[in-house]
Amino acid sequence: MAYELDGATIEADEEGYITDLGAWTPELAGLIAKDENIEMDDERWEVVNFLRDYYEEYQIAPAVRVLIKAVKKSMGKEKGNNKYLYTLFPYGPAKQACKIAGLPKPTGCV
Amino acid sequence: MVELAIDNKISRTSVEDPLAPPCMTPGAMAGSKPFVAAPEHNIKLGFPGELPDDWKEKAIARMGYLAETNRAFKVYLDTCMKCGACTDKCHYYMGSGDPKNMPVARQDLLRGVYRRYFTFAGKYFPKLVGAVDLTKEVLDDWYSYYHQCSECRRCAVFCPIGIDTAEITMAARDILDHVGVGQKYSNEIIGKVMDVGNNLGLNAKALKATMEDLEEDIEDETGVAVRIPVDEKGADILLITPSADFFAEPHIDGLIGYAKVFHEAGVSWTVSSYASEAANFGMFIGSEENMAVLCKRIQKAAKDLGVKRIIFGECGHAWRVAYNFLNTLGGPFDFLDQNYPIPQHILEFTWGELQKGTLNIDKSRNDEYRLTYHDSCNVARASRMGDEPGGQFEIPRNVLKAVTNNYFEMPEGTTKEQTLCCGGGGGLLTDDLMDIRKKGASPRMHALKQVEEDHGVTHMVAICAICKTQFAKMMPEFGFERDSILSVHQLVSNALIMEGQVDEDDEDDDDMDDVPAVSGAPATGGSL
């Protein structure tokens, strides 16, 4: 599949993960989120930005526990849990948030 | 009398019989197909990138090679007498009602072609013996239905002549790979292990950072400096665990449990960034060559680090591969300490420590849970633990009973050697197969409902990364909380009071009251 944004075509795999990570823009994130029936807000952006920062340093998405800890730090402990992350990204915080953040899908037994 | 019996059944429970045969729906799952692997993923594994022009000859040749070199496979194809004992034993048939998911019918997709090209009757009187020409439609059917089998072997338990459907599925996938029709999920992942060392693609830098972070968490929560060493040369034990243990919940809670047990047992251990994966998807695709490549990584890591022992973490098919093939495909392991099992399962180790009395256990720290245990298919039906027959059933239960007070069994016929697969095993744990995963999970979910109703069970425990992820995804679909699937070693971790341990709650002020003490903490749970 592919995304169409401002006349440009951005290639993605069968599940909607973009194939050229360099093609990501915040506007594209908004478009992918819309496809996922997600309205981006400040908290979702925080998660997406954290994932991108972490990926830049480690070339992989963070473990869920690491993400939860980061969320707890910035949004408070009542939101620093998996359940809250699922309210932000109902298909699963890592997979769905990674897709929006333009990162590869976490693979394996996860 | 008949009416009374029916009434009794209805009044006894409102829960659906987990083993009830389905309403048959021909073609129900004909459209179920996983994504096909990209050419580069196939080529990396030694297969053609795409379907070649002479695919039919190649497929038949590969089938002939397998029948010639694997006597079991040939016997399985030759001997089925269509008795029907397996028909209603497959969780995918029970959940989908598609008759091609009856194990005998799924096998016959391959058997018909084998008869056509490799038996006298099939060559000359094909119609009389159900022999089928190999066409593109047949190949497509293989791709669809051999990815609706988790190689769990439940049907084989009921086969009076011992035909192992898993072997037939593996052979079918191997033939498909040899004509360039690989499955994206499995083949991409095997390639990742070859490149990075694990299914996730978690590199050494990220692995070390994640483990350091976890060490800090454990120390914050317990006051004890428990180590999770990475690439530590000279350690006694190399832990080979599924990379999901480094990444997802509730898996990582199990990893914390292993670390605490090793700490209390006073042994030195390490994980390896080179062999940071227990899973071996080479088995799923029936490729001995690829299975061997991944096994050899473990041997190399053990040699390079100079360890004396190898212990496997909670992973179902990893243990199946390790128990059966690590020595033959990844060996020799003559450089390890021969006084210990090669390889050993983490549950054998923990059970040993519990029996020795080295672990200070307070079972009441798990009292918030009412538990049942899901036997992971690969451990239950394709391996063993300990020195006694049935150890693979008893050791996990012994450990659970030693660390918890409220344990209940699921209905007979759904546990131990007759356990139901989680529905996500054998390379099916991928989002593009969600429909068949849900259908395959339904018998187990109904069995769980039964113990929920009968005994108030709140959580199910498993020792397989795939089971844990699959159930975390499936629980909400069947009315359970996402986090009602736990790791065995998570419960060990909860109940274990380490020397010098000070629970976080004891020190915290009031505003942390809603954060449970870690040693008694429930999973925050859920897959990705």
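Predicted model: local features only at pLDDT ≥ 70, side-chain atom pairs only at ≥ 80, totals over all residues.
**View 1. Chain B as a whole.**
Let us begin with the overall build of chain B, which holds 22 helices and seven strands. Its radius of gyration is 24 Å, close to the 24 Å that the globule rule gives for 528 residues, so chain B is as compact as a globular protein of that length. Along the principal axes, the C-alpha trace of chain B spans about 80 × 65 × 40 Å. Of the 528 residues in chain B, 54% are buried. Among contacts in chain B between residues at least 6 apart in sequence, 79% join residues that are at least 24 apart.

**View 2. A parallel open sheet in chain B.**
Here four strands of chain B form an open sheet with parallel pairing, in the order 2-1-3-4. Strand 2 (269-271) and strand 4 stand at the edges with a single partner strand each, so one side of each is left without a neighbour in the sheet. Where strand 1 of chain B meets strand 2 of chain B, the two run parallel and are joined by three bridges. For a handy landmark, look for B:L238, which stands opposite B:T270 in strand 2 of chain B.

**View 3. Two cis peptide bonds in chain B.**
As background, most peptide bonds are trans. The bond from B:E249 to B:P250 is cis, with omega near 5°. You will find B:P250 in the loop between strand 1 (237-240) and helix 13 (251-265) of chain B. The peptide bond from B:I342 to B:P343 is cis too, with omega near -5°. B:P343 sits in the loop between helix 15 (316-330) and strand 4 (344-345) of chain B.

Most residues other than glycine have a negative phi. A:N37 is not a glycine, yet its phi is positive, at about 60°. This residue belongs to the loop between helix 1 (26-35) and helix 2 (42-58) of chain A. A:N37 counts as exposed because it has 8 C-beta neighbours inside 10 Å, where the cut-off for exposed is 12 or fewer. B:E151 is likewise not a glycine and has a positive phi of about 55°. It is found in the loop between helix 8 (136-145) and helix 9 (154-158) of chain B. B:E151 is buried, because 27 other C-beta atoms lie within 10 Å and the cut-off for buried is 20 or more.

Chain A is divided into domain 1 (2-35) and domain 2 (42-100). Taken over C-alpha atoms, the centres of these two domains of chain A are 20 Å apart. A:K99 lies in helix 5 (residues 93-100) of chain A. With 26 other C-beta atoms within 10 Å, A:K99 is buried. Leaving aside neighbours within four places in sequence, A:K99 is in contact with A:G16, A:Y17, A:I32 and A:E36. A:K99 and A:D13 are 86 residues apart in sequence, and their C-alpha atoms are 11 Å apart in space.

**View 4. Helix 3 of chain A and its packing partners.**
Helix 3 (residues 64-75) of chain A has twelve residues, which at 1.5 Å a residue should span 16 Å; the end C-alpha atoms are 16 Å apart, so the two values agree. The buried residues of this helix are A:V64, A:R65, A:V66, A:L67, A:I68 and A:V71. They pack against helix 2, helix 4 (82-88) and helix 5 of chain A, and also against helix 12 and helix 13 of chain B. Just after helix 3 of chain A comes A:G76, with a positive phi of about 100°.

**View 5. Where chain B touches chain A.**
Our last stop is the contact between the chains, which takes 34 residues from chain B and 23 residues from chain A. On the side of chain B that touches chain A, helix 11 (184-196), helix 12 (204-222) and helix 20 (465-474) each supply at least two residues. Helix 12 of chain B gives the most to that side, with five residues. By class, this side of chain B has 18 nonpolar, ten polar and six charged residues.

Terms used:
Residues numbered from 1 in each chain as written. Chains lettered and ligands numbered in written order. Domains from an automatic or database assignment. Contact = placed C-beta atoms within 7 Å. Nonpolar A, V, L, I, M, F, W, Y, C, P; charged D, E, K, R; others polar. Rg over C-alpha atoms; globule rule 2.2 N^0.38 Å. Pairing = 2+ DSSP bridges. Expected span 1.5 Å × (residues − 1).
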